[in-house]
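Please find below a colleague's note on the structure shown here.

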Amino acid sequence: WKLWWWLYGCEFDYLHEHIDGMLECFIKVYQENGGSALELEELKWQFTLSALAQGVGLLGAVPQIYAMCPKKEWPTIVDRRDPRIAENINGK
């Protein structure tokens, strides 16, 4: 779970391209510092489950999101850098 929180701030394309290498690095350093040996595929599965759990939790934020940017505007938003959603809105 904490590993997801460590890495989820990555840009999606970077995370998608480098996830195996980052997890392999974690496994190596974790074991070098006294942790047990971890399997990459198992760790990746648990990492993905943590991402999904957070995604489900974020569904509760949808009403707040629509209050900050009306639903009718969403079809015209092309990326996360659109100022209607990227800038601080209502102090958030």
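The numbered points below begin with the basis of the model and then take up each topic in turn.

1. The model is a predicted one, in which local features need pLDDT of at least 70 and side-chain atom pairs count only at pLDDT 80 or more, while totals for chains, interfaces and linings use all residues. Residues are numbered from 1 along each chain as its sequence is written, and side-chain values use heavy atoms, with hydrogens and water left out.

2. The largest nonpolar core consists of eleven residues: Leu-3, Trp-4, Leu-7, Leu-15, Ile-19, Met-22, Leu-23, Ile-27, Leu-40, Leu-43 and Phe-47. A core here is a set of buried Ala, Val, Leu, Ile, Met, Phe, Trp, Tyr and Cys residues joined through side-chain atoms within 4.5 Å; buried means under 20% relative accessible area, exposed over 50% and partly exposed in between, with a 1.4 Å probe and protein chains only. Helix H1 (2–7), H2 and H3 each give two or more residues to this core, and H2 gives the most, with five. Helices are DSSP runs of H or I with at least four residues, numbered from the N terminus.

3. Leu-3, a member of that core, touches Leu-23, Phe-26, Leu-43 and Phe-47 when residues up to four places away in sequence are not counted. Contact means heavy atoms within 4.5 Å.

4. The aromatic pairs number five. Rings of Phe, Tyr and Trp (its six-membered ring) pair if their centres lie within 6.5 Å; planes under 30 degrees apart count as stacked, over 60 as edge-to-face and the rest as tilted. Trp-4 and Phe-47 form an edge-to-face pair, 5.2 Å centre to centre with 70° between the planes. This pair links distant parts of the chain, with Trp-4 in helix H1 and Phe-47 in helix H3, 43 residues apart. Trp-4 is buried because its relative accessibility is 10%, and Phe-47 is also buried, at 7%.

5. Is the pair of Trp-6 and Phe-26 stacked or tilted? The ring centres are 6.3 Å apart and the planes stand at 50°, so the pair of Trp-6 and Phe-26 is tilted. Trp-6 lies in helix H1 and Phe-26 in helix H2, so the pair ties together parts 20 residues apart in sequence. Trp-6 counts as exposed because its relative accessibility is 54%, whereas Phe-26, at 26%, counts as partly exposed.

6. Trp-4, Trp-5, Tyr-8 and Phe-47 form one aromatic cluster. Tyr-8 is also one of the residues that line the largest pocket.

7. The largest pocket holds about 340 Å³ of space and is lined by Tyr-8, Gln-54, Leu-58, Ala-61 and Ile-65. On a 1 Å grid over the protein atoms alone, a pocket is an open set of points where a 1.4 Å probe fits, with protein on both sides within 12 Å along at least five of seven lines; lining residues have an atom within 4 Å of a point. Grid points are joined across faces, edges and corners, and a volume is the space filled by probe spheres set on the points.

8. The second largest pocket has a volume of about 250 Å³. Of its 13 lining residues, Trp-4, Phe-12, Leu-15, His-16 and Phe-47 are the closest to its centre. Helix H2 (12–32) and helix H3 (40–58) each supply at least two residues of this lining.
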